[in-house]
Amino acid sequence: EVQLVQSGGGLVQAGGSLRLSCAAPGFTFDDYALGWFRQAPGKEREGVLCISSSDGITYYTDSLKGRFTITSDNAKNTVYLQMNSLKPEDTAVYYCALTRSEYGCNGVPEGSWGRGTQVTVSS
């Protein structure tokens, strides 16, 4: 079972930026799909975006294009979620989840999950 270690959350003012990390020690990112999800208080969990070795980047939420992006660093076994121009409505617990690329981004929720990290955006 793959263990995912998340970091990078915190408190930021509206308009600011954060970069979240999702590390998978010992996992080789050569055949994978990794998605970012978030859940705000009183709301259902929603997908943010996903990266897969076969299909590249997929946005679960189209409205985040231009503000959120995702990158990977194979040497560090880490995927990053770069969040820019943050808004108070982005406040949520952010999770990453990992599966094999054959399942695609739609199959990521059935994979291994990180513990989440809190992102709070103040107005």
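User: Which residues are linked in a network of salt bridges?
Analyst: Arg38, Glu46, Arg67 and Asp90. A salt bridge here is a side-chain nitrogen of Lys or Arg within 4 Å of a carboxyl oxygen of Asp or Glu. A note on the basis: this is a predicted model, where local features need pLDDT of at least 70, side-chain atom pairs count only at pLDDT 80 or more, and totals for chains, interfaces and linings use all residues. Residues are numbered from 1 along each chain as its sequence is written, and side-chain values use heavy atoms, with hydrogens and water left out.

User: How far apart are the closest N and O atoms of Arg38 and Asp90?
Analyst: They are 2.9 Å apart. Arg38 sits in strand E4, and Asp90 in the loop between E8 and E9. Strands (E, at least two residues) are DSSP runs, numbered from the N terminus.

User: And Asp90 with Arg67, what is the distance there?
Analyst: For that salt bridge, the closest N and O atoms are 2.8 Å apart. Arg67 is in the loop between strand E6 (56–59) and E7, so the pair ties together parts 23 residues apart in sequence.

User: Is Asp90 buried or exposed?
Analyst: Asp90 is buried, because its relative accessible area is 1%. Buried means under 20%, exposed over 50%, partly exposed in between (1.4 Å probe, protein chains only). Arg38 is buried at 9%. Arg67 is buried at 13%.

User: How many salt bridges does the whole structure have?
Analyst: Five. One of them joins Asp31 to Arg100, with the closest N and O atoms 3.4 Å apart. Those two residues are 69 apart, in the loop between E3 and strand E4 (33–39) and the loop between E9 and E10. Asp31 is partly exposed at 27%, and Arg100 is partly exposed at 46%.

User: What does Ser101 touch?
Analyst: Its contacts (heavy atoms within 4.5 Å) include Asp31, Tyr32 and Ser53, not counting residues up to four places away in sequence. Ser101 is buried, at 12% relative accessibility.

User: New topic. What is the strand order in the open sheet of four strands?
Analyst: E1-E3-E8-E7, with antiparallel pairing. Strands pair if DSSP finds at least two bridges between them. E1 (5–7) and E7 (68–73) stand at the edges with a single partner each, so one side of each has no neighbour in the sheet.

User: How many bridges join E3 to E8?
Analyst: Six. Leu20 stands opposite Leu81 in E8.
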